[in-house]
Amino acid sequence: MANQDHTQLAGLTEAEVLDRRRRGQGNNVRLDTSRSYADIIRHNVLNLINIILFVIGGVMIAIGRVGDAVTTVGLIIFNVIIGVYQEIRAKRQLDQIALLTRPKITVMREGHEKTVDPSELVVGDVIVMRAGDQMVVDGVVIGGGKVEVDESMLTGESDSIIKAAGDDILSGSFCIAGSALYEATRVGEESFANKLTANARKFAIAHTPLQREINFLLRLLLLLAIFIGSTMFVGAIISGLPFLRQVQMAAVVAGLVPNGLFFMVILAYAMGALRIVQRGALVQQSNAVESLSNVTVLCTDKTGTLTANKINYHDVYPVEIEPDRLKHLIGTFARSASATNKTSEALIAGLEGEKLTPVDEVPFSSALKWSALAFDQGDMRGVYVLGALSMLQDKLEVSQDAVAQIEQWSDAGLRVLVFAHHAADVPLHNAAGKPELPALTLLGAVSLSDELRPFLKETIAGFSANGIALKVISGDNPQTVAALARQAGFAGELKYVSGTDLGKMDDAQFAQVAAETTVFGRITPDQKERLVDTLQQQGHYVAMIGDGVNDVLSLKKANLGIAMESGSAATRGVADMILIGDSFNALPAAFSEGQRIVNGMKDILRLFLTRVAYAALMIIAIDLIGLGFPFIPKQNSLLVGIGVGLPTLGLAVWARPGPVPKRGMLREIARFVVPAAMSISFFGVIVYALAFTVGIINALAINVTPDTVSSFQEYIGIDYTLTTVTAYQAEVAHLVAQTALTSFTVFASLILVVFVEPPIQFFVAGDEFSGDWRPTLLAIGLFVVYMIIVLAEPLRSFFEMIDLPLLAYVGLGAITLIWMLLLRRAWRHSWLERFLQIDRM
């Protein structure tokens, strides 16, 4: 740019800058997120079940039952820490969304160039644009300069645009060639880029189908726990139950809401994210990997997403000229232009030539769709034009053979330009300075290919094989996009539509076209978002892949947003997953990981829900027959830890990918849970009643002395006095029954682990054959651990269980075997479905 332009356009004075900043015309952007740190902590800590358990834990500590308090609320505290950490991490990522990097901006102030931070800009500032600069505010070009601007991050249009005096400049675009001045007209929240991304900064928790089903179950279990707890609390008060026993009952009932399930979900997501990052994808939202397994429609941008935003030379088609001569002419033309773009860079890389100085030039623009150079020297004398046939066909004649070749290339997804010549050295502009071409002679055509992303074809084929519908939503010409989609591996006849046509449709027509069409071209950011929303309303689970600012709204709207690493900061910020190195290779692996998570959680839910169901049934049944309460907190924690917690940890680690049920898991899980829970509770009540009876009989034979009572009270840690022999005998009987019931339920729970992942055909009943011996070996190991606990006096004492004779464990083993065979038969012969007269689940 000439120095006189700078001096003529002196820019603002410092006083004017200060005045405009005081009037609120500065480029300060302060968009608040919708969740504060206090909101995050409140959400994770102060939910109903946590409050109940914290209160119970506090009461236990107050009465000296620290061990009970630890076993009751320890896992809850761990869950809270993990949840708060993850949500604060997500908040910080969203707060750091910056559509614009923080470059230093060159402005004109008081006649001199000055480098400032973007936040120091105000309305009316005169900003200097040079090649490589990013525009940080909106404005209009002033002065005599010209620049070539890339707006693909905003519009999806891959072609660069020439900007001259009077043309608008949008924040978020890049100057790729030339230099000019522009005056800032919209700054801060009013700029195009900040308006486009404002909604992206709003925090939202998007739950997957698995999370929604788990939350639904947890709410039901919370209602169940409240009902059981409130009725038993009233009964305890009426019967005069000691306060310690009331608190212990409350802890066990509150434990019916399986907070350990939260931990297993967090663990499954963390392992999935760890596995997938090794394959080239960064997971920003913890549920993103699992979310991918639910996708039914995958939408993707074209420029920068399907393509690598790079063009390669393909071939030439000569017309009455030697091929080598045509290649040399085109190579020289590309090297001689004053500004380069992706097309000229591809021609320079693919063709030989020399750099000459033209006497006149018309640079390429998206409006003209052609560029021209005029030379006055040697064998290059004359006018040469390179551009789209549709924009030049009134200036030249094209043979049918040439048209056929051009159509063949276009149908194959290639970009095609024609190259034409006028022998005389004539001006390229008329008297008014407007571009004007003479009659031309066609020399040939040149084809160029968009470079596809690595592993793109394999990824598309994989998703298609899994029944996922693919749609391309782009700012480019729909016919060009459709051809490229075919090149990328999209199968079948591709229907396409333009954004202009969509804009004329009513809601019903729009919805029908959204469902039936594969390629959408000339689409605005708002239309992208509307397409995603429409597909979601039709029941689809939508994933969106994009890289530009024009993709931000649709990525945020989609059930799963995937960004390219090379994309804009705003796009990466709102995405749930980022493809490192812009490679699609991670997506098939992520899809398998999602299946692994869902299948693992399916097994985990079976064990957790079975435990909750049989515990609730036994609490109600044993209370109804007047035999007290089946567990105390320490026994319950032992049962949950060995019977459910550690086995589900193994199941989460060893889960395998495979088909995911599309109709929801609850129906499938119910087939396992209902027979298992009902049978365990039935046999458990029998075990408890028999053990209680035996305990009473044995207690009657004991010579009860004050020392005996005192020793017993110290052993089980009760803070109330047993004033009568009958009270002592009842406590002994309860302890015998609780120990026997805990043992039986641990045995049954470990056998359920084998049924969940059957290592041999004998155990195939409640689930499909697995062949994986690891869960079974884990169950055997945990059985050994449990037997060590009940046989070692210090451990048995800590968990407040009594020493049962060996014959008792043999009897419990026999009862467990009978239960196992009956349950296996019930599953295999569909007793539940036949009784309910419903189809097999």
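Student: Which residue in S13 does phenylalanine 375 stand opposite?
Tutor: Good place to start, and keep in mind that this is a predicted model. Strands S12 and S13 run antiparallel and are joined by six bridges. In that pairing, the residue of S13 opposite phenylalanine 375 is glycine 382.

Student: How many residues lie between S12 and S13 in their hairpin, and which glycine in the turn has a positive phi?
Tutor: Strand S13 covers residues 382–387, while S12 covers residues 370–375. The two form a hairpin with six residues between them. In the turn, the residue with a positive phi, about 55°, is glycine 378.

Student: Why is S12 described as largely enclosed by the rest of the structure?
Tutor: Let's look at each face in turn. In a regular strand, side chains alternate between the two faces of the sheet. Strand S12 is largely enclosed because the number of its residues that are buried is six of the six.

Student: Which residue of S12 is the bridge partner of aspartate 360?
Tutor: Here we turn to another neighbour of S12. Strand S11, residues 360–362, runs antiparallel to S12 and is joined to it by three bridges. The partner of aspartate 360 in S12 is alanine 374.

Student: In S15, what is the bridge partner of threonine 307?
Tutor: Strand S10 and strand S15, residues 441–452, run antiparallel and are joined by eight bridges. Within this pairing, the partner of threonine 307 is leucine 452.

Student: Is H13 oblique or perpendicular to H14?
Tutor: Helix H13, residues 323–336, packs with helix H14, residues 342–350, at an angle of about 130°, and their axes are 9 Å apart. Angles of 65 to 115 degrees count as roughly perpendicular and those over 145 as roughly antiparallel, so a value between those ranges falls in the remaining class. That makes H13, relative to H14, oblique.

Student: How many nonpolar, polar and charged residues are in the contact of H13 with H14?
Tutor: The crossing of H13 past H14 is left-handed. The contact is made by Ile330, Ala334 and Arg335 of H13 together with Ser344, Leu347 and Ile348 of H14. By class, the residues are four nonpolar, one polar and one charged.

Student: Is H20 parallel or perpendicular to H21?
Tutor: The axes of helix H20, residues 507–516, and helix H21, residues 525–537, come within 10 Å and cross at roughly 85°. Angles from 65 to 115 degrees count as roughly perpendicular. That makes H20, relative to H21, roughly perpendicular.

Student: Is glutamate 800 buried or exposed?
Tutor: Glutamate 800 lies in the loop between helix H30 and helix H31. Its phi is positive, about 55°, although it is not a glycine. Most residues other than glycine have a negative phi. With a relative accessible area of 3%, glutamate 800 is buried.

Student: What is the relative accessible area of glutamate 110?
Tutor: Glutamate 110 lies in the loop between strand S1 and strand S2. Its phi is also positive, near 55°. Glutamate 110 is partly exposed, with a relative accessible area of 44%.

How values were computed:
Residues numbered from 1 in each chain as written. Predicted model: local features only at pLDDT ≥ 70, side-chain atom pairs only at ≥ 80, totals over all residues. Heavy atoms only, no water. Buried < 20%, exposed > 50% of the residue type's maximum accessible area, 1.4 Å probe, protein only. Helix = DSSP H or I, 4+ residues; strand = E, 2+ residues; numbered from the N terminus. Pairing = 2+ DSSP bridges. Axes fitted to C-alpha atoms, helices over the stretch in contact; angles between N-to-C directions. Parallel < 35°, antiparallel > 145°, perpendicular 65-115°, else oblique. Left-handed = near helix turned anticlockwise from the far one by under 90°. Contact = heavy atoms within 4.5 Å. Nonpolar A, V, L, I, M, F, W, Y, C, P; charged D, E, K, R; others polar.
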